Amino acid sequence: MKYTTLLIAVSILALLFTITACEEEKEGNTTVIEKPGGTITVIEDAGEPAGRPSIKVERIDPYENMQISDWLDEDTVIVAKDNEALEKMSLAELSDAYPRSLYVYHLDTKEYELLKERENAFLGEAALSADKGYLLYSEVSLGDPVYYMMNLDTGEEVGLYGESIGGAMSARWADNDTIIGAAYSGGAYMATKAGEITTIDELQEEALFIVHKMKDKWYYNTSADETLQVLDLATKEKASLGLEHVYDVVPSPSGDQLLVLQQVGDRSTLVWCDETGGNRKTIAEGAELGGVSWSQDQRMIAYSLKADVSGTTHGLYVYDMLSDESTQIAVGIGNTVTRWSPSGESLAYTEWSGTQFNSHIVHIESSL
């Protein structure tokens, strides 16, 4: 109920994002925050006055030599790390490195459970299906990655390659049952949990750079045209969203909002919009932007930002949809990948130091 109520509240606010003013009115032991499309009532704790929605960092826990990529639950994460039980890589270019394998890591007990290992291979980019029953991951030894999907109950896996697509150039969960991505043979593909792979005829001739799917709509651009396009599979119609120079897109968990990253000259911009490309709002601007992710309730948006080209470090920020404000939660970081816990109360981020992956978990306290 708490999740549903908050998701509805955030969605209503998002549709009217162009209006940002808030008004607060005290009523006894509550504060009523007037927002576009409705109100939010905050019940005060005894002796604690309520105010604007806010977030603060409780603590940041470091995890060296591991790459956190997803959460099973609040106390359990999926990680990739060096597997010293295997021989070092056989290729001369990689002979100083151990293979990297996938593990379940228990944050409370600090114990590892091996999920998948493979000699002479770096495994990573592990992402769980929404029901936590399947794992999508990549394998790299030298050259381009190969993607696999594994049933966590049986250990059976299928490779995302074949005559119809050549191989998966990219892969991500579009929903609980479907993986989508760009194919090396050209165009886009869709794969089921059973391993059935089909191509999207309407995109088959496109040299795709970005491809995402929300419900019946496919969002994409090409190496020749960086403008974001949409294909509606229900009507077979294509249209431009009018967003140029796009280098990444992050769909919302509910499938009706987009975060769009654009690069024009030496400036990057993070833009929120609805599924049509309308009702746009700029969340952040700077020399470099990345590490973008939504919390599951869609209240929080994480991103990393390098403010200007002369800056040497990034900061990690969280944008709160309810307060329409960004809060810096970490400093002195480089390019990063972020992932929210199921509750939205913790945020994992991972950096590459040049020699190893290091992760941190930020524990966040938020208020309405």
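These legends go with close-up views of a predicted model.

View 1. Start with the confidence numbers: the mean pLDDT of the chain is 87, and 85% of its residues reach 70 or more. Two stretches call for some care. Residues 1-5 stay under 50 in pLDDT, and the model gives them 2 contacts beyond four places in sequence. Residues 15-50 are also below 50, with 71 contacts in the model beyond near neighbours in sequence.

**View 2. Strand 30 and its two partners.** Here we're looking at strand 30, residues 346-352, where 6 of the 7 residues are buried. One partner is strand 29 (residues 336-340), which pairs with strand 30 in the antiparallel sense over 5 bridges. The other is strand 31 (residues 357-367), also antiparallel to strand 30, this time over 7 bridges. Leucine 347 makes a handy landmark: its bridge partners include tryptophan 340 and, in strand 31, valine 362.

**View 3. The turns at either side of strand 30.** Going from strand 29 to strand 30, the hairpin has 5 residues between the strands, and glycine 344 in that turn has a positive phi of about 80°. Going on from strand 30 to strand 31, the hairpin has 4 residues between the strands; look for glycine 354 in the turn, with a positive phi of about 110°.

**View 4. The largest nonpolar core.** This core has 16 residues, and the members touching the most others are Leu259, Leu270, Leu289, Val292, Ile301 and Tyr303. Strands 22, 23, 24, 25, 26 and 27 each supply at least two residues of the core. In soluble globular proteins, nonpolar side chains tend to be buried together. Zoom in on isoleucine 301 and, leaving aside neighbours within four places in sequence, you'll find contacts that include Leu259, Val292, Trp294, Tyr317, Tyr319 and Trp340.

**View 5. Asparagine 83 in its loop.** Asparagine 83 sits in the loop between strand 6 (76-82) and strand 7 (100-106).

Definitions and conventions: Residues are numbered from 1 along each chain as its sequence is written. Side-chain values use heavy atoms; hydrogens and water are left out. Buried means under 20% relative accessible area, exposed over 50%, partly exposed in between (1.4 Å probe, protein chains only). Two strands pair if DSSP finds at least two bridges between them. pLDDT is the predictor's confidence in each residue, from 0 to 100. Contact means heavy atoms within 4.5 Å. A nonpolar core is a set of buried Ala, Val, Leu, Ile, Met, Phe, Trp, Tyr and Cys residues joined through side-chain atoms within 4.5 Å.
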